Structure formats: C-alpha cells, structure tokens
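Open the model in your viewer and keep the sequence alongside. The tour goes from one selection to the next.

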Amino acid sequence: MDRGVRVVQALDDSGSVDPWRRRTRRNKPQMPLWQELPLLLVVAFCLAVLIRTFLLQAFFIPSGSMEDTLLVGDRVLVNKVVYNVRDPQRGEVVVFRGTDKWVPQVEVEPAGGFVDRLGRTVGDLVGLSRPGEKDFIKRVIGLPGDRVSCCDDQGRLLVNGTPLDESAYVLRDSPLDLPPNAQECRSRRFEEIVVPPGHMFVLGDHRLVSQDARCQGTVPIDNVVGRAFAVVWPSNRWHTLPVPETFANVPSPVTASGGAAPPVRPTTEGGAFLALPIAAVLSVLARSTRWHRSGQRRLLP
C-alpha cells in the first residue's frame, strides 16, 4: 500500500468492513495562507491586466461633448474586442484615437515621478485616471460611402438623404442661424460629406461644444478602441448605451459602380485577438483549479 495514502475503513452494524465507505486522504502539505494569498492576488492582477488589454476597459468622461448621454465624471465600460469580429454600426458610441487634425478637448497633466506614474497606471487599470490627449468618445453617424449633411428644412441631420430624429440623444443642438466655421464645430450646418473608405463620421451629442468630424475630419475605423456600451459609475447614473431606433431607417450607401456599398474597412483582421485572451484566461483558471483540487479529499469506490 502506498505510504502517502491513509485508508480509513468504516464498519457496518455487523462489524464487517463496508468497502463502499472507504475514504482516502493524501498527506500532501497544504500551502499556508500567508503564501497562498499573495499568489492569488498576483493571479487576479494578471487576469485584470489581460481583461483590460484585450476585452474590457473603463474610461473616465472628462468633458461635456456627449451631454446629456454622458456627463462629466461618468465612467463607461468599453468592449475592446467587438470590432475584431464585426464592423461598427451607425448610432453606436465609440472610443477612438483621434488623428493629427483632432485637437484635445482636455489638458493632460505631465507625468511626475515614479509614485505618480504608478498611481496613474493603477488608475488607468480600474478606469479612474484621465484619458490621453488623443482619446475621444463620440457617436457614429456615417460609415464608408455614406453621404452626411445638415440640414433639411426642419433642421435635421441627413444620412444618405434620410433625416434623423435625434431628439432621443441630442438635447443641446447648435442654433440654425450660426454660420459655418471651418475652425470650430459650433455651427449645425455643414456641406455634404462623403465618408471615405475605411473611415467613419462621428459627432458628439452636445453639438454646441463638441469638437468632432464637422471641423476635424473623419476618423479611420482602425483607430477605434472599442464600443462604449454602459455607464457603470456613479451608481445612480447606471444605464446602457443602445443604438437609437432612428438609425434603423437609414439606407445603405449606393455607389456609382453598380449600387454595392463599399467595405467598411479595406482590410479585415482575423479573430486571433479574441481567441488569445480567452485562451489565456481559461489556461490560468484550469491550472488554478488543478492546484486547488490536489489538496482536497477524494472518495474512492
């Protein structure tokens, strides 16, 4: 008999050994709590970094360009993997990196010493730090090939000739009598723009203060970080960010070369970015489960 296994035999009422009630326990040394706790903390931190890098990330809203959908101080949860398996859609709220034409809407404080940089890193991990100077959050209005302009006789935004009812999310629009200015995005009116291939046309919900595609140009879809799908903080502001119904009536763009809509992105990326973090998380969980079960009691038949 293996010396590492202790056999406990149970007797029934007649005094004989009941083979069905034998129990064994391996005499393996258990890891003390003071060693187990730091290991679990390291595993949890690594999982958080994986999730933040590949799957989900919280972003802090620093300006009022998306009011009243998003307020200053809100924290939104961003799905960073969704656009690896599909393309953006009109009406979605997205976080993206602006091009060189995009002027930062908030001032970014310079990095200080080691403690300051460490605090910002931890804050960025949990969504408490301020965004970078090239991080923006806007609503997708037009996709490649779309014709976007403003306004019709009722002052409504037009996408492929279809007016949008934006009353559900635009509560502070620009005045109609404000003349267009290429240097700022305060005017509601602008000439028709045909969205180039691989780009998107984005606007803020607070049109009077939002610096967006009206004066800063379209944004490459490859610059998209992810889709903002929920406000998670403060708790009394919790709500999701669905696509408004008005975008369901927008027709696909029609090109002069046969009526087919152009591709959203000139090149497509595979789903390897989705499989990598999921596989890593499952691997860590599987190893942790096997390690934990090795110290548990098991019943033998």
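Strands are DSSP runs of E, at least two residues long, numbered from the N terminus. Select strand 13, residues 224-233; Trp 233 is found there. This is a predicted model, in which local features need pLDDT of at least 70, side-chain atom pairs count only at pLDDT 80 or more, and totals for chains, interfaces and linings use all residues. Residues are numbered from 1 along each chain as its sequence is written, and side-chain values use heavy atoms, with hydrogens and water left out.

(Buried means under 20% relative accessible area, exposed over 50%, partly exposed in between, with a 1.4 Å probe and protein chains only.)

Next, the core. A nonpolar core is a set of buried Ala, Val, Leu, Ile, Met, Phe, Trp, Tyr and Cys residues joined through side-chain atoms within 4.5 Å. The largest one has 29 residues; Phe 96, Ile 141, Leu 157, Met 200, Phe 201 and Val 202 touch the most other members. Strand 11 (199-203) is among the strands that each supply at least two residues. Its share, 4 residues, is the largest.

Select Val 202. Beyond its neighbours within four places in sequence, Val 202 is in contact (heavy atoms within 4.5 Å) with residues including Phe 96, Trp 102, Ile 141 and Val 219.

Last stop: the open sheet of 4 strands, order 9-8-7-10, antiparallel. Strands pair if DSSP finds at least two bridges between them. Strand 7 and strand 10 are joined by 3 bridges. Find Val 148; opposite stands Ile 193 in strand 10.
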